[in-house]
Amino acid sequence: MQTTSPSLSLSAARRTALAAQGFADPRPASAPTRRHLTRVLSRVQLLQLDSVNVAVRAHYMPVFSRLGAYEPALVDDAAWEHRARRPRLLVESWAHEASLLPVEDWPLLRSGAKRDGWWRHYAKVVEAAPELIEDILAVVKEQGPIGAGAIEKALESESAGRGPGAWWERSVVKKVCEYLFGLGELSTGTRRSFERLYDLTERVVPPEILARRMSVEEGARGLLERSARALGVGTETDLRDYYRLGPDVARRAVAELVEAGTLEPVRVEGWRALAYRHVAARTPRAVAGRALLCPFDPLIWERSRTERLFGFRYRIEIYVPEPKREYGYYVFPFLLDGSLAARVDLKSDRAAGVLRVPGAFGEPGADVRRVTAELAGELRSMAEWLGLDAVEVGTRGDLAEPLRRAVS
């Protein structure tokens with residue numbers, strides 16, 4: 001007997017997604033602590049890393065978006081400053097992209113459920129110089145945590161006399177380090193000015209976690225369950241995108257999670273594909289509050305889902321030539337009371353102590369007076385959090401002039 005999947009209005013799906021991502025939780029009244037960070041991680045599951053530092057590093061911003069002003073050392077300590085009395089909370093791995101994720105999720109990513117990343121192409125480099133793996137691991141064991149440049153110098157010192165162009169040149173060493181990182185044999189011991197310092201994974205991930213073994217099926221179910229928990233409701237494509245799983249393994253895992261009662265198939269208003277709601281997902285009557293979202297925030301990183309949920313077409317324009325950019329170089333959507341109401345191009349001018357807003361754009365139908373007042377408040381909060389003294393608004397966009405007045 002065929003049953004019909006329950007229906008979910010688009011508004012309800014949006015509120016479900018926002019609650020799952022932590023935007024229905026109140027911001028703490030006092031200075032955020034490690035406990036608050038843990039709560040954010042229980043919502044988003046991971047923080048994407050990115051080298052772009054135009055406004056703020058990508059892994060810091062989603063925590064600010066949900067908690068407000070906090071000390072970034074909270075994230076640093078959880079990920080890279082291991083102490084005996086403060087165990088490591090986060091570890092780096094390829095997840096959505098390069099990401100920080102709870103250390104206890106390490107076995108899921110090593111289960112074989114996740115496809116190898118771009119680094120697999122470096123296998124050819126390894127095949128050309130197989131001895132390099134053993135040499136790099138020996139240097140890391142002796143000197144780690146250590147960067148690729150320092151590894152190159154150590155190898156060059158040990159191999160003096162081989163002549164120029166030998167296999168230890170930095171591009172090759174870096175590629176092999178990334179290959180070993182992708183395989184899970186090396187991890188990030190710490191970072192220095194955002195440079196990855198490699199260490200043996202056995203010195204980064206606790207032995208009891210390293211010892212856990214999972215099948216491909218167990219790993220896929222675990223990762224899909226986490227992505228469903230983080231999204232609240234999403235299509236099969238949405239769910240597998242969160243950890244970048246392959247379609248076949250993801251479809252099997254979704255079917256198994258539906259059979260287990262963890263996921264419920266639902267029809268979302270306006271969505272062509274069937275969606276799945278996590279059994280623990282909640283749908284509040286309303287979602288209030290405001291937040292600036294960096295381009296790598298997990299609420300919006302899947303652009304087609306962002307468009308389906310919010311009617312908000314969003315593309316990052318870093319690689320678009322300046323004359324062809326529609327909104328700007330590094331644009332942050334602005335979330336207000338459950339809707340994406342505006343977007344602003346942001347740049348931290350640290351030399352001048354200013355958070356610059358070259359462009360500000362409202363969405364159709366937005367209440368300009370309220371949006372600019374709330375946006376101005378959030379921009380001032382962000383500037384203060386970043387240690388900047390002022391917010392300066394440029395001239396691009398329909399919100400530029402009213403936002404400039406609101407900021408001043």
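Predicted model: local features only at pLDDT ≥ 70, side-chain atom pairs only at ≥ 80, totals over all residues.
Q: What makes up the chain in terms of domains?
A: The chain is divided into three parts: domain 1 (7-111 + 213-278), domain 2 (118-209) and domain 3 (315-407). These bounds come from an automatic or database domain assignment.

Q: How do you know that domain 1 and domain 2 are in contact?
A: Contact means heavy atoms within 4.5 Å. By that rule, 17 residues of domain 1 are in contact with 20 residues of domain 2. The C-alpha centres of domain 1 and domain 2, for their part, lie 29 Å apart.

Q: Why is the largest pocket placed where it is, relative to domain 1 and domain 2?
A: Look at who supplies the lining. Domain 1 and domain 2 both give residues to the lining of the largest pocket, so this pocket lies between them. Its volume is about 500 Å³.

Q: Which residues line the largest pocket nearest its centre?
A: There are 23 lining residues, and Leu49, Asp50, Ser51, Trp94 and Ala98 lie nearest the centre. As for elements, α9 (170-183) and β6 (195-200) are the ones that give two or more residues to this lining.

Q: What classes of residue make up the lining of the largest pocket?
A: Ten are nonpolar, three are polar and ten are charged.

Q: What lines the second largest pocket?
A: The lining has 19 residues, with Trp94, Lys114, Arg115, Asp116 and Gly117 the closest to the centre. β3 (90-94) and α9 each supply at least two lining residues, and α9 gives the most, with three. By class, seven are nonpolar, six polar and six charged.

Q: What makes a set of residues a nonpolar core, and how many residues does the largest one have?
A: The largest nonpolar core has 105 residues, and Ile136, Ile151, Phe332, Met382 and Leu403 have the most contacts inside it. Not counting residues up to four places away in sequence, Met382 touches Ala55, Val56, Met61, Phe64, Leu292, Phe332, Leu346 and Leu355. There's also a second, separate core of 25 residues, including Leu8, Leu309, Val331 and Phe361.

Q: Why is Leu197 called buried?
A: Buried means under 20% relative accessible area. Leu197 comes in at 5%, so it counts as buried. Leu197 is found in strand β6, and its contacts beyond four places in sequence include Pro145, Ile146 and Gly147.

Q: Why is Thr235 called buried?
A: The cut-off is under 20%, and Thr235 has a relative accessible area of 6%, so Thr235 is buried. Thr235 is found in strand β7 (residues 233-235). Leaving aside neighbours within four places in sequence, its contacts are Trp271, Ala273, Leu274, Ala275, Tyr276 and Arg308.

Q: Why is Ser193 called exposed?
A: Exposed means over 50%, and Ser193 has a relative accessible area of 76%, so Ser193 is exposed. Ser193 is found in the loop between β5 (186-192) and β6. Although Ser193 is not a glycine, it has a positive phi of about 50 degrees.

Q: What is Arg244 called, exposed or buried or partly exposed?
A: Arg244 is partly exposed, with a relative accessible area of 29%. Arg244 is found in the loop between α12 (236-241) and α13 (247-259), and has a positive phi of about 55 degrees although it is not a glycine.

Terms used. Residues numbered from 1 in each chain as written. Heavy atoms only, no water. 1 Å grid on protein atoms, 1.4 Å probe; cavity = no way out; pocket = protein on both sides within 12 Å on 5 of 7 lines; lining within 4 Å. Points joined across faces, edges and corners; volume = space filled by probe spheres on them. Helix = DSSP H or I, 4+ residues; strand = E, 2+ residues; numbered from the N terminus. Nonpolar A, V, L, I, M, F, W, Y, C, P; charged D, E, K, R; others polar. Core = buried A, V, L, I, M, F, W, Y, C linked by side-chain atoms within 4.5 Å. Buried < 20%, exposed > 50% of the residue type's maximum accessible area, 1.4 Å probe, protein only.
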